[in-house]
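Work through the exercises below with the sequence and the structure at hand, and try each task before reading its solution.

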Amino acid sequence: MDTNQKYLVGIYEDEDEVLHAVSEVRGKGVKIEEVYTPFPIHGLDVALGHPRTRIPKAAFLFGLTGLTCALSLISYTMVFDWPMIIGGKDAFALPDWIPVSFEGTVLFTAFGMVFTFLASNGLWPGKEPRLFDLRGTDDKFIMAVNLGSNRLSENEIESVLKESGAIEVNVKQF
Amino acid sequence: MAGHSHFSPANVEEHFEFTSEGRKRVILAFVAGVVALVIGIFLLSRGEGHEAAHAVAAHGAEHGGHLSGGAVSHHSAAYDWTNRIWVNLWLNGVFFTGIAIIGMFFVSIQYLAKAGWSSVLKRIPEAFPKFLFVTFPVLLLVFIFKGDVIFHWLHHGITDPASEHYDKIIAGKSGYLNKTFFLIRMVVFFALWLILWRSMRKRSLDEDLNGGTTNFYSMVRIATGFIVVMGISSSMSAWDWVMSIDTHWFSTMFGWYMFSSWHVTGLATITLTVLFLKDKGYMQYVNANHLHDLGKFMFAFSIFWTYVWFAQFLLIYYANFPEETIYFLERWEGHDKVYKATEILNVFFNFFFPFLIMMTRDAKRTPIFLKICCAFIIVGHYLDFYQMIMPGTLGPNGGYGLVEFGMVTIFASAFIYVISGELTKASLVAKNHPFLEEALHHDI
């Protein structure tokens with residue numbers, strides 16, 4: 001992320017207020033970067049117009065990778081490199097492999113999704129947290145508007161936020 | 001989403017009307033089933049009966065050695081063409097008992113978990129157990145009068161050491177598998193299911209009239225009791241009604257296996273009924289979010305069924321004991337491969353299709369995908385029960401014909417008739433359910 005970005009931060013007191021404020025502010029042509037709340041609010045992602053997460057697609061691909069890896073490993077070790085006969089079955093005994101392939105699929109999917117999620121949210125060890133307002137982790141609802149991505153002026157946006165019910169509007173720079 | 005619902009508990013009440021047009025269609029389907037059955041029986045009594053006699057002769061010779069511990073050869077001597085009718089009655093009796101009791105099971109889970117979302121549609125599964133009044137006498141009468149057609153262990157002299165039919169393995173199980181104890185178990189299970197359902201239903205209807213939370217809490221207690229009863233009775237009825245057909249064989253997974261088959265069929269039937277009522281203009285307050293949850297249930301429990309089916313198969317395949325593998329060999333390559341196609345379809349209909357069709361979020365929210373999936377699941381699990389029951393009873397004389405088609409049509413139309421009648425007795429939504437408001441705003 002680029003340094004030196006200027007934000008206007010609206011502070012709201014109530015979850016219904018912030019939910020309505022999101023539609024109102026967006027209706028006036030202001031682009032909201034993100035809303036930070038102490039707890040999840042139903043419908044907020046829809047109101048913000050965020051695109052649907054692509055993590056299920058990533059999960060599917062990770063799963064497919066896991067399945068391929070597990071099957072390759074088992075078939076290489078059990079059939080090609082050193083054929084093994086277990087329980088009088090052929091070396092290529094697919095039913096026996098299913099539990100391991102399943103576990104491989106799940107393992108790759110789980111780890112893949114966690115790391116994808118962390119990476120796409122910019123969370124890694126030692127990362128300096130980008131807090132717009134500490135009260136957003138307690139009892140206030142924080143709306144962040146990036147001035148760089150909006151055409152309206154700082155004053156205009158400030159008045160839009162105030163009109164929508166923000167109890168205070170602060171400037172924050174990163 | 002807050003503020004987006006147009007319904008409030010005051011105006012959701014609606015009554016399903018079982019129109020004379022609807023009745024006529026269901027009765028027509030019933031009559032078609034009867035006609036198919038009668039033609040099927042007629043054909044069976046003439047042509048196929050003769051053919052079957054040949055098959056039996058060939059079969060008897062093939063397995064003349066009588067595999068000890070095997071399930072294959074025990075019925076060949078006593079085969080009569082009418083057996084197929086009784087076995088079909090038993091198959092459909094067990095299958096539809098499952099759908100009916102899963103209605104109660106679904107409602108109980110919702111109450112036990114104090115779930116809110118399902119309160120808009122719980123009246124539908126709540127009506128299902130009514131059909132136990134039909135399947136109970138069917139199972140009871142078939143067992144009393146034609147039990148020996150279905151159960152090897154009921155054969156004359158099988159537990160008598162002096163008899164030429166004496167079977168040591170079966171004699172060893174006779175403390176559990178005997179006619180009296182079997183009947184006691186069957187009557188006790190049905191009695192408990194019906195009593196618990198009736199008391200649940202009574203409180204549910206009383207809630208519509210009087211409101212309050214007293215009924216809700218007593219329904220939570222009934223649900224708790226029912227889950228305990230179901231935990232035991234579902235396993236035991238699986239051993240009794242289905243697993244004991246292959247008397248020599250046993251599987252410790254079987255109770256779960258049959259229960260999971262019942263459960264996912266019940267879920268598909270609930271979903272299909274909801275979608276059907278929505279198409280008829282009822283239940284507009286059931287939205288894509290409720291359908292999504294039902295879809296997730298069907299998706300998850302299709303995988304659960306596969307897990308149980310596969311766990312049972314894998315252990316037997318891996319251990320490779322002849323007395324266990326015979327169960328799958330019989331279905332895969334036994335009986336002139338009559339059952340092989342069903343065995344393959346079973347896995348496709350009940351695992352691959354639901355798994356692939358229902359994987360995405362959008363599919364679970366789209367009625368047409370749900371309907372296709374419900375159809376696969378219901379037909380697939382009929383085949384699953386067919387596969388559990390037919391090879392051990394009919395052996396090489398099994399197959400698909402007008403008898404099978406007619407019988408399942410009769411049961412299905414009777415089920416629709418009885419459930420529709422039960423649905424008319426109360427509002428389609430439990431209007432005083434304490435969590436109804438939550439369900440109306442359900443959003444996932």
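**Exercise 1.** Describe residues 100-124 of chain A by their secondary structure and by the distance between their ends, and then compare the record's annotation.

*Solution.* In this predicted model, the chain over residues 100-124 of chain A is 84% helix and 0% strand, and its end C-alpha atoms are 31 Å apart. The next step is to turn to the UniProt record, an unreviewed entry, which lists residues 100-124 of chain A under "transmembrane region", together with residues 58-80 of that chain. For residues 58-80 of chain A, the span is 100% helix and 0% strand, and the end C-alpha atoms lie 31 Å apart.

**Exercise 2.** Work out the order of the strands in the sheet of chain A, and explain why strands E2 and E4 stand at the edges.

*Solution.* Begin with the order, which in chain A is E2-E3-E1-E4, an open sheet of 4 strands with antiparallel pairing. Strand E2 (34-36) and strand E4 (168-173) of chain A each have a single partner strand, so one side of each is left without a neighbour in the sheet. From one strand to the next, the twist averages 25°. Looking then at one pair in detail, strand E1 (residues 6-12) of chain A is joined to E4(A) by 6 bridges, and the two run antiparallel; Ile11(A) stands opposite Glu168(A) in E4(A).

**Exercise 3.** Find which strands of chain A helices H1 and H5 lie across.

*Solution.* Take helix H1 (residues 15-27) of chain A, which lies across E1, E2 and strand E3 (141-146) of chain A and runs at about 20° to E3(A). Helix H5 (residues 154-163) of chain A, in turn, lies across E1, E3 and E4 of chain A, and runs at about 15° to E1(A).

**Exercise 4.** Characterise the fold of chain B, and decide how its radius of gyration stands against the globule rule.

*Solution.* Counting the elements of chain B gives 15 helices and 0 strands. The radius of gyration of chain B is 23 Å, close to the 22 Å that the globule rule gives for 444 residues, so chain B is as compact as a globular protein of that length. Along its principal axes, the C-alpha trace of chain B spans about 75 × 40 × 40 Å, and buried residues make up 46% of the 444 residues. Finally, among contacts in chain B between residues at least 6 apart in sequence, 82% join residues at least 24 apart.

Definitions and conventions. Residues numbered from 1 in each chain as written. Chains lettered and ligands numbered in written order. Predicted model: local features only at pLDDT ≥ 70, side-chain atom pairs only at ≥ 80, totals over all residues. Pairing = 2+ DSSP bridges. Axes fitted to C-alpha atoms, helices over the stretch in contact; angles between N-to-C directions. Contact = placed C-beta atoms within 7 Å. Rg over C-alpha atoms; globule rule 2.2 N^0.38 Å. Buried ≥ 20, exposed ≤ 12 C-beta atoms within 10 Å, placed from the backbone. UniProt positions renumbered as here; feature names shortened; annotations may be inferred.
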